[in-house]
Amino acid sequence: MKLITDFRNSEISRRLIKKIEEESSSESGYTIMEVCGTHTVSIFKYGIRSVLPENVSLISGPGCPVCVTSQGEIDAIFQIVKNNNVSLLTFGDLMKVPGSSGENLINLRSEGKDIRVMLSPLDAVKTAAREPDREFVFVGIGFETTAPAIASAVLEAKNMGLNNFSILPYCKTMPEVLGYLLDDPKLDINGFLCPGHVSVVTGKNIYQPLAQKGKAAVITGFEPLDILSSILQIIRQVNSGDYCVYNNYSRVVSDNGNRKAVQIMDTVFEPCSAVWRGLGELEDSGLGLKEEFSLFNSLEKFNVRVPQVSEKKGCRCGDVLKGHIKPNLCPLFSLQCNPENPVGPCMVSSEGACSAYYKFN
């Protein structure tokens, strides 16, 4: 507990805010992207935007795994559930994400489909093992943070000889989307608050291209002092022009990451192209199951292809994820799209930028 309270110390926070005010030149603007959805929520929760100088701006990025899942991938889930006698296992954030027809998994469950919320991929394996006469499909959504646990679930299912368990391989990886952001001429930012959770697994080297292209990159945690000190670090990099990857979360993130987790991930998955909501198809940005694990691929098991589907008319989740707009600039925000009636996933997920803007504003 003391470790947490130390990172919420109000006196140190005030000193950091004063340093940010002093070192952020009044003649320059600083735009910083928080890539991770958990950072977005923390920034709102602790009122960090409200204490920053006017010329220091934070904008959200594509760091919510549910939000970046493409509409086609969502629709493929519905295809499998509707057309097969299966039990769907999923994380809770996905339950209210609408398919193209407007219905969601809560609707399907009310119609009698067996849809269960899981807390971990290994819980999904245990569920399948307890009920060998039923067919189970687990929705494998996540970044490098979650992918090792999903890979472990596949290995466990293989070791147990389960033939009634498979996954939808929807995991995505961070370096490729960061590369997309760097190449986006519409995105004018000075630096990134790099995701702490992903960095625990990957380490810091995946962010080197950011510094090489003249962007500040600071790996940070989720407490107020983590975020404020990281913003100050970014301002200092911008002022000096000396860009680097700075690990400001070293109590959790090592430079080389978690090699065992990476090894497990690499054992089961291989890079593949993936379609990101609002961003399109990015080469090698997804994690597909290797051939020896193809029996655990739900798409192959049920002969389902992920369709190419346009996003809903008027929904600007894609522009939010690319950092082109803040959520409240979407014409549907808080009107047709709200937590009770979400049009896009950014309003659904607990880590979604639109959800955070709605909840905390």
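The expected span of a helix is taken as 1.5 Å times one less than its number of residues. Helices (H or I, at least four residues) and strands (E, at least two) are DSSP runs, numbered from the N terminus. This is a predicted model, in which local features need pLDDT of at least 70, side-chain atom pairs count only at pLDDT 80 or more, and totals for chains, interfaces and linings use all residues. Residues are numbered from 1 along each chain as its sequence is written, and side-chain values use heavy atoms, with hydrogens and water left out.

**Helix H6**
- Helix H6 covers residues 71-83, and its 13 residues should span 18 Å. Its end C-alpha atoms are 18 Å apart, which agrees.
- Of the 13 residues of H6, 10 are buried, so the helix is largely enclosed by the rest of the structure. Buried means under 20% relative accessible area, exposed over 50%, and partly exposed in between (1.4 Å probe, protein chains only).
- The buried residues of H6 include Glu73, Asp75, Ile77 and Phe78.

**Whole chain**
- The protein chain has 17 helices and 11 strands.
- Its 361 residues give a radius of gyration of 21 Å, in agreement with the value near 21 Å for a compact globule. The radius is taken over C-alpha atoms, and the globule rule is 2.2 Å times the number of residues to the power 0.38.
- Along the principal axes, the C-alpha atoms fill a box of roughly 65 × 45 × 40 Å.
- Buried residues make up 55% of the 361.
- Among contacts with a separation of 6 or more, 76% join residues 24 or more positions apart. Contact means heavy atoms within 4.5 Å.

**Thr40**
- Thr40 sits in helix H3 (residues 37-45). At 3% relative accessibility, Thr40 counts as buried.
- Glu351 is 311 residues away along the chain, yet the C-alpha atoms of Thr40 and Glu351 are separated by 7.3 Å.
- Leaving aside neighbours within four places in sequence, Thr40 is in contact with Glu34, Ser60, Ala353 and Ala356.

- Asp284 lies in strand E11 (residues 280-289). Asp284 is not a glycine, but has a positive phi of about 60°. With a relative accessible area of 37%, Asp284 is partly exposed.
- Asn303 lies in the loop between helix H15 (298-301) and helix H16 (317-321). Phi of Asn303 is near 55°, again a positive value in a residue other than glycine. At 70% relative accessibility, Asn303 counts as exposed.
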